[in-house]
Amino acid sequence: MMTKNSVNFGVIGAGGIAYRRTIPGMLKAKNCRLVAVMDPVGVEQVAAGFKVAKAYTSEAELLADPEVEAVYIASPVHCHLKQIQMAAAAGKHILCEKPLTMTLAQTKDAVAVCKQAKVYLQEGYMMKFHGAHAVIKQLIDEGRLGKIVYMRAQLSCWYPPMEGAWRQDPKLGGGGALIDMATHLYDLLAWYAGPVRRVVATVNTLVQDYKSDDASTTLLEFKSGAQATVDCFYCIPDAASRTRLEIYGSQGAVLTEGTIGQSVGGVLEVLESTGTADYDAQQSKDVARKFQKTPFPKINPYTAECEYFADCILQRRPPVLNDGKNAVRIAELTDKAYLSSKQRKVL
């Protein structure tokens, strides 16, 4: 029986991102109650650390627990489809980490099984919940930047070979830097500019000694005509990458640093024109650019995504942000990007 003001969650795959980010965020959510955790390794320590009474070593055990009303899945990607199918069959609502599955075909299967079981499904693209990104969305929707013409998003890190790192094996994670990080940015930019019309990508393994891609650059063209580049690498030192987001419109621009990623903070700068773009006949480019540092609410995006999903369950309204339709769109883009690189053509 669902509690009045909160949803009882179980976590499948309680290590990794769940342990570092999502469980701490969920515990701060006003409408979420963590009642069980599951992981094949070290789950007792996780449960003790977060003061959770129930610790399981198999999905079946957790899903059989009648107290669990919804699950957060944060296991390796190759496990997602089976676990989504099991959770849907058990009647549990599902918040699943990105990427939802390994391929477009699997994503369609996952969405279909949740629809058939009448359970809610939300994918864990949490960057939409960052306070700065929400402010940018409002600026765009209000037309304060004019027509969006170009965007750039950057997310890179140093990710050396590690024993048991499933993201470094495409058979376990579906790919590397592109599917793991670039998809975050595909999702964010499509939120701003709408559906993507064409994609071309270059994907390689340049530095790291593993099979997954450690380098990816994607050019996107949106149905609106806007263009974007997304650059994501596993082979750039963390200190060398400023994780910038740039959005340029016909009447202004937005620049951020440090908002892309798993952060709460960062810097947001906004330039809005007075209504007519200036023309510099000299084209000297030596002009004063009056970007203004703009405040934004410091929101934990993991807390916010959990609260949003729980609220959807409590209000009995399907999630709109990061729902199954969005998951299919991102999976289509991902498949096209990898195929574009392989075939060396625009798709």
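Which helices each supply at least two residues of the lining of the largest cavity? They are helix 5 and helix 10. Bear in mind throughout that this is a predicted model.

**Stop 1: the cavity**

Select helix 5 (104-117) and helix 10 (324-343). The structure holds 1 cavity of 30 Å³ or more, and the largest cavity has a volume of about 90 Å³. It is lined by 15 residues, and those closest to its centre are P99, T101, T107, A331 and T334. Helix 10 gives the largest share of this lining, 5 residues. Sorted by class, the lining has 9 nonpolar, 4 polar and 2 charged residues. In general, rolling a probe the size of a water molecule over the atoms shows where empty space is left.

**Stop 2: P99 and its peptide bond**

Stay with P99, one of the residues closest to the centre of the cavity. P99 sits in the loop that runs between strand 5 (93-96) and helix 5. Look at the bond from K98 to P99: this peptide bond is cis, with omega near -15°.

**Stop 3**

Now select strand 4, residues 70-73. Which residues point one way from this strand, and which the other way? A70 and Y72 point one way, V71 and I73 the other, and all are buried.

Step back to S6, in the segment before strand 1. Is S6 buried or exposed? S6 counts as buried, because its relative accessibility is 15% and the cut-off for buried is under 20%. Leaving out residues up to four places away in sequence, S6 touches N31, C32, R33, E69 and L314.

**Stop 4**

Select strand 7 (148-156) and strand 11 (residues 244-249). These two belong to an open sheet of 8 strands in the order 8-9-10-7-11-12-13-14, with mixed pairing. At the edges stand strand 8 (196-204) and strand 14 (292-293); each has a single partner strand, so one side of each is left without a neighbour in the sheet. Strand 7 and strand 11 pair in the antiparallel sense over 5 bridges. As background, strands of a sheet pair through backbone hydrogen bonds, either parallel or antiparallel.

**Stop 5**

Apart from neighbours within four places in sequence, I247 is in contact with I136, I140, L145, I148, Y150, M151, Y192, G252, A253 and V254. The largest nonpolar core has 76 residues, of which Y192 and I247 touch the most other members. Helix 8 (residues 177-193) gives the most to this core, with 11 residues. A second, separate core has 22 residues, including V35, L62, V71 and I84. In soluble globular proteins, nonpolar side chains tend to be buried together.

**Stop 6: the largest pocket**

Select I17, R20, R167, D180 and Q262. Of the 48 residues lining the largest pocket, these are the closest to its centre. The volume of this pocket is about 1100 Å³. Helix 1 (16-27), helix 4 (80-89), strand 7 and helix 8 are the elements that give two or more residues to the lining. The lining divides into 23 nonpolar, 16 polar and 9 charged residues.

**Stop 7: two positive phi angles**

Finish with K51, in the loop between helix 2 (43-50) and strand 3 (54-56), and R344, in the segment after helix 10. K51 has a positive phi of about 60° although it is not a glycine. R344 likewise is not a glycine and has a positive phi of about 60°. K51 is exposed, with a relative accessible area of 77%. R344 is also exposed, with a relative accessible area of 77%.

Key: Residues numbered from 1 in each chain as written. Predicted model: local features only at pLDDT ≥ 70, side-chain atom pairs only at ≥ 80, totals over all residues. Heavy atoms only, no water. Core = buried A, V, L, I, M, F, W, Y, C linked by side-chain atoms within 4.5 Å. Buried < 20%, exposed > 50% of the residue type's maximum accessible area, 1.4 Å probe, protein only. Helix = DSSP H or I, 4+ residues; strand = E, 2+ residues; numbered from the N terminus. Contact = heavy atoms within 4.5 Å. 1 Å grid on protein atoms, 1.4 Å probe; cavity = no way out; pocket = protein on both sides within 12 Å on 5 of 7 lines; lining within 4 Å. Points joined across faces, edges and corners; volume = space filled by probe spheres on them. Nonpolar A, V, L, I, M, F, W, Y, C, P; charged D, E, K, R; others polar. Pairing = 2+ DSSP bridges.
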